[in-house]
Amino acid sequence: IPSSQGLVIDKSYLCCEHHRAMIAGMAFLERPTSLTEIPMSVLVVGLGGGSLPLFIHDYFQHAYLEIVDIDPFMLEVATQWFGFSQDDRMKVHICDGLDYIQRLTDNDGIHYHVIMFDVDSKDLCVGMSCPPAPFVEKSFLQKVRCVLAPQGVFILNLVCRDAILKEKVVGVIKEVFPLVYLRDIEGEVNEIFFCTLSADPMIHRSGFQKQAQSLENKLRRPGIKWDSTYSLSKLLQEVKLA
């Protein structure tokens, strides 16, 4: 934002409900209350205006983020108009997310605690606008699984108006990941999927809301602004097994 306008970006405010749900999904990680104190690797495919990675960067102070976007113009917009900036903990790679993850699988030992897909599709002929169809093919999701840390979480924003196609996509996700939770976004087509490598739903079902509240308590640090309308635990109240 031009300084002459005297406007400041409020990076604590997530205007998109699906972004709020994606952040809340970090409570599915093992020992989420330690996330503010220990190094954490995060891969975000889809930059948009940059608000999602900015929030993670500012509130999880030991998070190291890699953001991938195929469109260099999105980086220009995010930087010029939405207060986005890169530093030693947050890097943007301008390339195809499919190619980027393929390269990761060629390098053994690279794993992310959190992988997020928030990337739209330009193909209007398919009844799915997020993500592009190749991102939810079984062979590619298996690559995503390969670069997810054993106790990590893969979070997917799915926007699909075709019921038959959606059923197929959900089936593929469940084939690849042993445990998949789902949260509908009220009033929107978006559905957020939380996928882990654990095969025991009771481990998460009994405590993820409590974990979300504990995580929020950690994020609400003195002197750091917090949006009072944002409750991680309430966002997970409607989570269900996919």
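This is a predicted model: local features need pLDDT of at least 70, side-chain atom pairs count only at pLDDT 80 or more; totals for chains, interfaces and linings use all residues.
## Around helix α3

Just after α3, Gly-83 takes up a positive phi, about 70°. At the start of α3, Asp-71 sends a side-chain oxygen to within 2.9 Å of the backbone nitrogen of Phe-73.

For background, an α-helix has 3.6 residues a turn, so residues three or four places apart point the same way.

## Strand β2 and its neighbours

Now for β2, which runs over residues 63-69. Five of its seven residues are buried, so the rest of the structure largely encloses this strand. β2 pairs with β1 (residues 40-45) in the parallel sense, over six bridges. If you want a spot to look at in that pairing, Val-44 stands opposite Ile-67 of β2. To get from β1 to β2, the chain goes through helix α2 (residues 51-59), and this β-α-β crossover is right-handed.

β2 also pairs with β3, again in the parallel sense, this time over five bridges. Here Val-68 has His-93 in β3 as its bridge partner. What handedness does the β-α-β unit made by β2, α3 and β3 have? This unit is right-handed.

## A closer look at Ser-41

Ser-41 is a residue of strand β1. Is it buried or exposed? With a relative accessibility of 17%, Ser-41 counts as buried, because the cut-off for that label is under 20%.

So what does Ser-41 touch, once residues up to four places away in sequence are left out? The list is Tyr-64, His-111, Tyr-112, His-113 and Val-114. For His-111 there's a polar detail too: the side chain of Ser-41 reaches the backbone oxygen of His-111 at 3.2 Å.

Conventions:
Residues are numbered from 1 along each chain as its sequence is written. Side-chain values use heavy atoms; hydrogens and water are left out. A polar contact is a pair of N or O atoms within 3.5 Å; within protein, one must be able to donate a hydrogen and the other to accept it, and residues adjacent in sequence count only if both atoms are side-chain atoms. Helices (H or I, at least four residues) and strands (E, at least two) are DSSP runs, numbered from the N terminus. Buried means under 20% relative accessible area, exposed over 50%, partly exposed in between (1.4 Å probe, protein chains only). Two strands pair if DSSP finds at least two bridges between them. A crossover is right-handed if, with the strands pointing away from the viewer, the path from the first strand over the helix to the second runs clockwise. Contact means heavy atoms within 4.5 Å.
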